[in-house]
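Please examine the structure shown below, together with its sequence.

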Amino acid sequence: MKCSVKAPAKINLSLDVLGKRADGYHEVEMIMTTVDLADRIDLTETTDRRITVEVSEGFVPSDHRNLAWQAGDLLQKRYKVNKGAHIYITKRIPVAAGLAGGSSDAAATLRGLNELWGLGLSLDELAKLGGEIGSDVPFCVYGGTAIATGRGEIIRHIDSPPPFWVILAKPPTGVSTADIYRGLKLDAIEHPDTRAMEAAIEEQDFDEICSLLHNVLESVTLDLYPEVDNIKKQMQKFGADGVLMSGSGPTVFGLVAKESRLNRIYNGLRGFCDDVHAVRLIRSSNTCLKPYKDDML
Ligand SMILES: C[C@@](CO)(OP(=O)(O)O)[C@H](O)COP(=O)(O)OP(=O)(O)OC[C@H]1O[C@@H](n2ccc(N)nc2=O)[C@H](O)[C@@H]1O
Ligand SMILES: Nc1ncnc2c1ncn2[C@@H]1O[C@H](COP(=O)(O)OP(=O)(O)O)[C@@H](O)[C@H]1O
């Protein structure tokens with residue numbers, strides 16, 4: 001048996017850090033939403049108990065370091081599954097980019113193997129399991145739009161923002177999330193207004209959403225990688241309505257209301273940055289994130 005699962009990227013419309021925890025992680029409050037730039041996960045059930053991974057991009061690890069492998073291994077061990085799986089990952093989400101590509105691959109693997117191995121677990125159960133793999137995995141299990149707290153694993157679903165375009169531009173720099181959190185000066189943080197952003201989303205107020213975009217990790221990454229600031233400025237210059245770095249970076253996203261303006265911004269950015277994507281939000285999550293069985297492919 002086979003199945004395929006979509007693993008979409010996320011952006012952080014708001015990212016606040018409230019403090020450092022005893023376990024070394026940071027207490028966060030983030031508004032996250034899923035965008036339609038996705039990896040594809042093809043899962044094939046095997047009769048031995050091995051979990052194997054193959055990735056379209058050779059530089060992404062295909063051994064135990066791959067988060068999709070970790071998802072398969074965890075599910076198999078926790079539920080004593082006596083079957084294996086081959087996981088083929090077609091990468092489209094830029095790697096180490098602040099877009100949760102690896103986390104989304106892990107989440108899609110959990111959703112897909114749950115189906116393939118007939119485990120019957122709920123999304124809540126899969127999300128809880130995902131939290132053992134990484135802080136962003138629980139959000140990626142559900143997709144949609146949510147407020148994530150704790151170290152990112154406590155998820156409260158909220159309304160989808162109004163429909164708009166998202167331009168993503170990633171400079172050729174990979175960023176280590178741990179390094180960026182480590183570089184944050186907790187006493188110097190200017191906090192975003194998360195409640196106002198939630199209200200703006202509820203009211204579908206695009207202009208207000210753009211004016212409230214804020215990420216406290218941005219200044220840390222910008223100090224280390226000035227090219228990120230350059231992309232921000234270019235995106236603003238070409239006319240994006242709101243511009244922010246996603247997660248720990250270095251991807252910068254621009255929100256654009258008018259399709260007519262999209263080409264100008266996309267082409268302008270392509271002039272000096274190879275990795276540019278124009279995508280939409282995935283407004284309602286679960287139906288399009290559901291695994292497709294082989295007879296539907
Ligand atoms: C910054 C964010 C924002 O969505 O995303 P990315 O930029 O990675 O996409 C997340 O908080 C990243 O989540 P994720 O990438 O899953 O992090 P994890 O694997 O759990 O942790 C990687 C490292 O980041 C630091 N970390 C992560 C989460 C958190 N709340 N506090 C932390 O201090 C820790 O040093 C940890 O060892
Ligand atoms: N399935 C995967 N896809 C991409 N990267 C992965 C995957 N599994 C593990 N990794 C490793 O995780 C690191 C972070 O990758 P990624 O999830 O793309 O970044 P981010 O957390 O910034 O969104 C990379 O350096 C990569 O080696």
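Predicted model: local features only at pLDDT ≥ 70, side-chain atom pairs only at ≥ 80, totals over all residues.

Residues are numbered from 1 along each chain as its sequence is written, and chains are lettered from A and ligands numbered from 1 in the order in which they are written.

The protein is divided into domain 1 (2-159) and domain 2 (165-280); these bounds come from an automatic or database domain assignment. The C-alpha centres of the two domains lie 23 Å apart. Between them, 26 residues of domain 1 are in contact with 35 residues of domain 2, where contact requires that two C-beta atoms, placed from the backbone, lie within 7 Å. On the side of domain 1 that touches domain 2, strand E1 (2-20), strand E2 (26-46) and strand E5 (145-149) supply at least two residues each. Here helices (H or I, at least four residues) and strands (E, at least two) are DSSP runs, numbered from the N terminus. E1 gives the largest share of this side, with nine residues.

Ligand 1 is surrounded by 19 residues, with Gly134, Ser135, Asp136, Gly247 and Ser248 the closest. E1, E2 and helix H5 (177-182) give two or more residues each to its shell. By class, the shell around ligand 1 has seven nonpolar, 10 polar and two charged residues. Domain 1 and domain 2 each contribute at least three residues to it.

An unreviewed UniProt entry places the feature "binding site" at positions that include Pro94, Ala96, Ala97, Gly101 and Gly102. UniProt positions are given in the numbering used here, feature names are shortened, and annotations may be inferred rather than shown by experiment. Alanine 96 is located in the loop between strand E4 (84-90) and H2, and alanine 97 is found in the loop between E4 and H2 as well. Alanine 96 counts as partly exposed because it has 18 C-beta neighbours inside 10 Å, whereas alanine 97, with 23 such neighbours, counts as buried. The cut-offs are 20 or more other C-beta atoms within 10 Å of a residue's own for buried, 12 or fewer for exposed, and values in between for partly exposed, with C-beta atoms placed from the backbone. Leaving aside neighbours within four places in sequence, alanine 96 is in contact with Gly174 and Val175, and alanine 97 with Lys170, Pro250 and Thr251.

Leucine 116 is found in helix H2 and counts as buried, with 22 C-beta neighbours inside 10 Å. Not counting residues up to four places away in sequence, leucine 116 touches Met1, Cys3, Leu43, Glu45 and Ala85.

Helix H6 (residues 194-202) has buried residues Met197, Ala200 and Ile201. These cover an arc of only 100° around the axis, which puts them on the same side of H6; the arc is that of the directions from the helix axis to the C-beta atoms. An α-helix has 3.6 residues a turn, so residues three or four places apart point the same way. The buried residues of H6 pack against E1, E2, E5 and helix H7 (206-212). Exposed residues Arg195 and Glu202 are carried on the face of H6 turned away from its buried side. Just after H6, glutamine 204 takes a positive phi of about 55°.

How values were computed
Near = placed C-beta within 6 Å. Nonpolar A, V, L, I, M, F, W, Y, C, P; charged D, E, K, R; others polar.
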